[in-house]
Amino acid sequence: MKSEQLIPLIYKSVMVVLTALLLAVCMRWYQKGREVRKLKIGIKQQSSSSAADMDGDIELPAVPSMQPSGGGGPGLAEVASHLKELKLQKYLAEFERHGYDDWNEILQMGEAKLEQLVTRTRMPANHADRFKDYIFQSLAEN
């Protein structure tokens with residue numbers, strides 16, 4: 001085969017492959033959209049008809065561990081105690097704001113979650129390192 005005949009053949013083959021890939025991506029996107037719509041419809045049918053439902057918003061059921069602590073419960077006091085020991089008590093409001101009000105839950109976080117915690121609470125690198133070292137040391141002792 002001459003190279004002049006080969007180039008259009010390669011071009012057509014590449015276009016067919018790209019078209020197939022684009023079709024596959026579109027189908028996956030469509031299927032995900034259908035799954036989300038089914039989930040939304042299922043949630044709407046389960047919830048009572050409230051004003052939020054009439055606006056088209058979906059109200060998800062409350063998760064007990066995510067409920068506001070209403071003035072900081074005993075868990076937040078323990079968090080405050082540990083932060084004070086580390087001289088990081090200025091971050092207590094951020095901990096409470098982001099729902100980090102249970103010391104046992106903080107102790108069970110992995111490295112990625114701890115990194116997310118120090119980012120959300122806006123700790124600079126030195127304070128973040130001190131906090132994470134304290135967590136890891138606490139875990140090693142237990």
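**Reading helix α3**

Q: Let's start just past the end of α3. Which residue follows this helix with a positive phi?
A: Lysine 87 follows α3, and its phi is positive, near 60°. Keep in mind that this is a predicted model.

Q: Now the helix itself. How do I read its length, and what span is expected at 1.5 Å a residue?
A: Compare the reach from the first C-alpha to the last with the expected span. Helix α3 has twelve residues, 74-85, and reaches 17 Å, close to the 16 Å expected.

Q: Which residues of α3 are buried?
A: Look for relative accessible area under 20%. In α3 that picks out Leu76, Val79, His82 and Leu83. They cover an arc of only 120° around the axis, so they sit on the same side of α3.

Q: And which exposed residues does the face turned away from the buried side carry?
A: Here the cut-off is over 50%. Pro74, Lys84 and Glu85 are the exposed residues on that face of α3.

Q: What do the buried residues of α3 pack against?
A: Their partners are α4 (92-97), α5 (103-107) and α7 (125-141).

Q: What share of the residues counts as buried, and how much area does the protein expose?
A: Of the 142 residues, 20% count as buried. The protein exposes about 11000 Å², with carbon and sulfur atoms supplying 59% of that.

Conventions:
Residues numbered from 1 in each chain as written. Predicted model: local features only at pLDDT ≥ 70, side-chain atom pairs only at ≥ 80, totals over all residues. Heavy atoms only, no water. Helix = DSSP H or I, 4+ residues; strand = E, 2+ residues; numbered from the N terminus. Expected span 1.5 Å × (residues − 1). Buried < 20%, exposed > 50% of the residue type's maximum accessible area, 1.4 Å probe, protein only. Arc of directions from axis to C-beta. Contact = heavy atoms within 4.5 Å. Areas by Shrake-Rupley, 256 points an atom, 1.4 Å probe, with all protein chains shown as cover.
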